[in-house]
Amino acid sequence: MTDAYWCEYALVGDAIERSVRVTVEGGRFRSVEVGSDPAADDRRLAGVTIPGLANAHSHTFHRALRGRSQRHGGTFWTWRDLMYAAAERLDPDRYLRLAGATFAEMVLAGVTCVGEFHYLHHRPDGERYDDPNEMASALLAGALDAGVRVTLLDTVYLHGGLADGVYTPPTGAQRRFSDGSAATWVTRVDALEQTDTVRVGAAIHSVRAVDPTAMREVVAWALARDRPLHAHVSEQPAENEQSLAAHGATPLGVLAAAGALDTRFTAVHATHLTDRDVAALAGSTVCMCPTTERDLGDGIGPTAELVTAGAELSLGSDSHAVIDLFEEARAVELDERLRSGRRGVHPAGSLLRAATVAGHRCLGWDDAGSIEAGRRADLVTVSSATPRLAGVGADALTEAVVFAASAADVTDVVIDGRRVVADGRHSTVDVVGELDALIPELMGD
């Protein structure tokens, strides 16, 4: 069966073109025609249509903290205590509901693929469920309900932290995160299956939570199976200080020594890097999460230097302080303006690439992220009939979408050829109703 969409404007290659007609067959673009009149049965998409957005770094259960984490001041470390409290309350059933609603919120914002950095593995006391992957299965079922593709970045988290150069055992909520050893993690993750809409990759939580010997085992697993490998890197200065005290190297230096750095590797945050760290990331990807980095007071990463060094940028909503990839994209440039005093360091086109092609690629979906024959048929339409895009000429639509549009302007979303959002409504999930019912129950309000 062949479906056809006619787009008033669409991003084709590096340019936004007018009157673009695409046909879809088997979940992929069969043809893309620029300057084509619509056929009578075409589904018309008014506004600006771009490729599907990739949210390359997500912790789904953090969505329960929105607003609550703003009640008090503090630092990343005090925020983490609140996050641990939420982690202790989740069971598989509520995890499925929260994941389904949060993923559906992402879809409403134009996200067609998400990288879920998953470390909430076991029971609250650290014991395994009868199915050791029950929590992962709940996440994947939630993604299926929401209609979004997912890369499950199954995360190794073995230690509670570093103190005086020594790894400490996990305590409290951290006991849910730990498999005890990298070898046990490998056995559990090898039982997870990939499908046409699910990829399984690996993640090293941080140098605080994974020792170098275990890192090498995880790197070997990812290399042998050609899977994506992600890691939190230098999010906080204290992380760097702990790593230097324990290993005599920065977190990225420790990862490099473990063999992690290659084209499959993505460093998340990378906020506090040395010049040597920046150079070492050439050929790898860095996932920036500006809304979380500013929410937690992390700092502003050296994005200009990273691009100059040859790293690719991708984007993530991380803790879901907001879910809006347009906001993440423009924040990369706007934060750089604050840091450097210069404008136009990251042009709109490169920011869209970070949100589309680069994001999909670092999650293992090399066949997505552009409107092109043979690629996965993902479409996201942004309305031009809003105050944010009103009066914008055709020659400035790329810049307007990146620097002015918001998730609220998304009207239609097609994922693998299936229309999941139409006229701003998700086809299967009552996002507001589900979040309103679940989160107060979960957080004890």
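Two strands are taken to pair if DSSP finds at least two bridges between them, and the elements themselves are DSSP runs numbered from the N terminus, helices being H or I of at least four residues and strands E of at least two. This is a predicted model, in which local features need pLDDT of at least 70 and side-chain atom pairs count only at pLDDT 80 or more, whereas totals for chains, interfaces and linings use all residues. Residues are numbered from 1 along each chain as its sequence is written, and side-chain values use heavy atoms, with hydrogens and water left out.

By the pairing criterion, four bridges join strand S13 (residues 285-288) to S14, and the two run parallel; within this pair, Met288 stands opposite Leu315 of S14. Both strands belong to an open sheet of eight strands with parallel pairing, in the order S5-S6-S7-S10-S11-S12-S13-S14. Strand S5 (53-58) and strand S14 (312-315) stand at the edges with a single partner strand each, so one side of each is left without a neighbour in the sheet. From one strand to the next the twist averages 25 degrees, where axes are lines fitted to C-alpha atoms, for helices over the stretch in contact, and angles run from 0 to 180 degrees between N-to-C directions. Helix H12 (residues 348-355) packs on the sheet and touches S5 and S14, its direction making about 65 degrees with that of S14; contact here means heavy atoms within 4.5 Å.

Helix H6 (residues 237-247) has Glu239, Asn240 and Ser243 as its buried residues, buried meaning under 20% relative accessible area, exposed over 50% and partly exposed in between, with a 1.4 Å probe and protein chains only. Seen down the axis of H6, these buried residues fall within an arc of 100 degrees, so they line one face of the helix; the arc is that of the directions from the helix axis to the C-beta atoms. Their cover includes strand S8 (161-163), strand S11 (229-233) and helix H7 (251-257), while Glu241 and Ala245 are exposed on the other side of H6.

Asp367 lies in the loop between helix H13 (357-362) and strand S15 (379-382). Not counting residues up to four places away in sequence, Asp367 touches Arg28, Arg375 and Arg376.

The structure holds zero disulfides, a disulfide being a pair of cysteine sulfur atoms within 2.5 Å. The sulfur of Cys287 is 4.0 Å from the closest cysteine sulfur, in Cys289, which is too far for a bond.
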